[in-house]
Amino acid sequence: MSAPALVPLPPERLDEQQRRLYDAVLDSPRGQGNARRMILRDDGTLTGPFDAWLRSPELGLHLERVGMAFRTHSAMSGAVREVTVLVVARAWSADFEWWVHGLLARSQSVSQDEIDAIAAGRRPSFSDAACSAAHDVAYELVHARRLEAATRERARTELGERALVEVVSLVGFYQLVSGLLESFHPPGPSGDLPVVGPPPMPERAGIDLYDAASTTRAVRKLKPDPIPDAVLRRVLRAATWAPSGGNLQPWHVIAVRDPARKRGLAELYRGPWSEYASQRRALIAGLPDEMRQRAERMLAAGDHLADHFSQAPVVSVFCFHPDRLHVTDAQLGRPSVVGGASIYPAVQNLLLACRAEGLGCVLTTLLCEQEKEVRELLEIPEPWATAAFVPIGWPVGAGHGPISRRPVESVVFEDRFGSTLFESAEESS
């Protein structure tokens with residue numbers, strides 16, 4: 001922590017105006033009970049932004065009243081308020097602000113997983129729609145310096161107009177507070193209350209590769225909440241890093257966000273999904289109960305996607321140019337798959353990037369059956385064709401998690417087909 005830029009003012013050196021502010025701070029709810037020690041140091045000086053405000057006590061009194069109004073005369077819930085402040089504190093890496101409001105957030109039932117996601121720069125999967133809306137408002141304001149209309153209107157619905165205005169105002173107020181803290185670096189509170197700030201901010205949201213690969217499962221239940229342009233740009237940029245034959249990148253992505261076009265895709269998707277689901281249900285009817293129930297859960301999630309396909313905030317449509325693929329298996333008398341090697345790594349990169357950002361996503365190719373209609377809907381010229389469709393959105397519920405796959409021992413051979421490489425499930429450490 002940087003050295004303080006202002007020498008804290010002890011109470012005996014305060015003039016009348018400064019003493020009025022000093023007393024107002026300690027008489028407020030923030031100065032009561034155990035919370036008092038967070039702002040009042042053992043030597044009687046104030047910490048946080050309050051000592052700086054003592055240098056301009058009239059201004060400080062007004063700011064102190066504004067801060068308290070957010071706590072005592074607001075339409076915001078406590079959880080909405082603290083989530084909003086944490087987003088600002090994270091953006092500024094303001095240690096004191098993050099520490100204080102992390103404690104307050106926990107007291108308002110904001111989960112540790114939600115706090116950790118904000119700390120990592122990822123969007124949490126909120127159980128409270130109002131907190132989700134407030135988070136997105138705060139995030140866009142501090143990172144994009146503007147508020148998208150879709151974000152604003154969703155917040156108006158979830159929060160109400162008064163609370164929306166208060167959330168926007170709260171962002172501005174705590175950016176002011178963060179500016180004071182990061183300009184003057186006030187000393188910490190009492191010695192036995194160490195300030196724990198947010199972790200260092202990574203250049204971009206991230207996750208361990210092995211964790212991502214083992215938890216990127218199909219997420220078919222997606223919220224309609226908008227995806228910030230900066231986040232969408234990051235995940236689509238990850239797709240461009242994928243390998244392709246001759247580095248030709250023979251594909252494009254159409255990020256479909258227009259409601260009418262998404263409704264068109266949803267109408268086209270419904271038929272193929274219904275046929276596929278009927279076939280699958282017939283196949284699983286005779287399975288043991290546990291296996292059948294697991295398969296039914298997957299199909300039920302697929303039904304949800306089909307019913308809500310148009311509500312995904314983005315559907316990424318991967319198109320490719322057939323003449324730019326080097327297809328080495330075209331004459332082998334079997335279905336050709338080699339051309340996909342220049343396309344599907346990009347799709348997988350997108351899925352992994354979504355996982356890193358906390359976005360839900362699922363790869364589907366059912367709409368390839370409707371390619372003619374998709375071409376017309378999305379104005380895709382000949383000879384471009386479709387290869388994959390990836391609905392993306394913030395997950396409903398837990399989202400990604402452990403995946404179920406055959407073990408490595410059953411799919412990896414040594415030297416020749418069928419020769420076991422690994423004898424047991426034990427992995428070398």
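These questions and answers look at the pockets, the sheet and a helix pair of a predicted model.

Residues are numbered from 1 along each chain as its sequence is written. Local features need pLDDT of at least 70, side-chain atom pairs count only at pLDDT 80 or more, totals for chains, interfaces and linings use all residues, and side-chain values use heavy atoms, with hydrogens and water left out.

Q: What makes a residue part of the lining of the largest pocket, and how many residues line it?
A: On a 1 Å grid over the protein atoms alone, a pocket is an open set of points where a 1.4 Å probe fits, with protein on both sides within 12 Å along at least five of seven lines, and a lining residue has an atom within 4 Å of a point. Here 33 residues line the largest pocket, with Arg217, Ala218, Arg220, Met298 and Arg405 nearest its centre.

Q: What volume does the largest pocket have?
A: About 1,000 Å³. A volume is the space filled by probe spheres set on the grid points, which are joined across faces, edges and corners.

Q: Which helix gives the most to that lining?
A: H14, with 7 residues. Helices are DSSP runs of H or I with at least four residues, strands are runs of E with at least two, and both are numbered from the N terminus.

Q: How does the lining of the largest pocket divide by class?
A: Into 20 nonpolar, 6 polar and 7 charged residues. Ala, Val, Leu, Ile, Met, Phe, Trp, Tyr, Cys and Pro count as nonpolar, Asp, Glu, Lys and Arg as charged, and the others, Gly among them, as polar.

Q: How do you know that E1 and E2 pair?
A: Pairing takes at least two bridges found by DSSP, and 6 bridges join E1 to E2 (residues 314–320). In one of them, Val253 has Phe318 of E2 as its partner.

Q: Why is H13 called roughly antiparallel to H16?
A: Their axes come within 10 Å and cross at roughly 175 degrees. Axes are lines fitted to C-alpha atoms, for helices over the stretch in contact, and angles run from 0 to 180 degrees between N-to-C directions. Angles over 145 degrees count as roughly antiparallel, under 35 as roughly parallel, 65 to 115 as roughly perpendicular and the rest as oblique. So H13 is roughly antiparallel to H16.

Q: Which residues make that contact?
A: Contact means heavy atoms within 4.5 Å. H13 brings Arg261, Gly264, Leu265 and Leu268, while H16 brings Glu373, Val374, Leu377 and Leu378. By class, that's 5 nonpolar, 1 polar and 2 charged.
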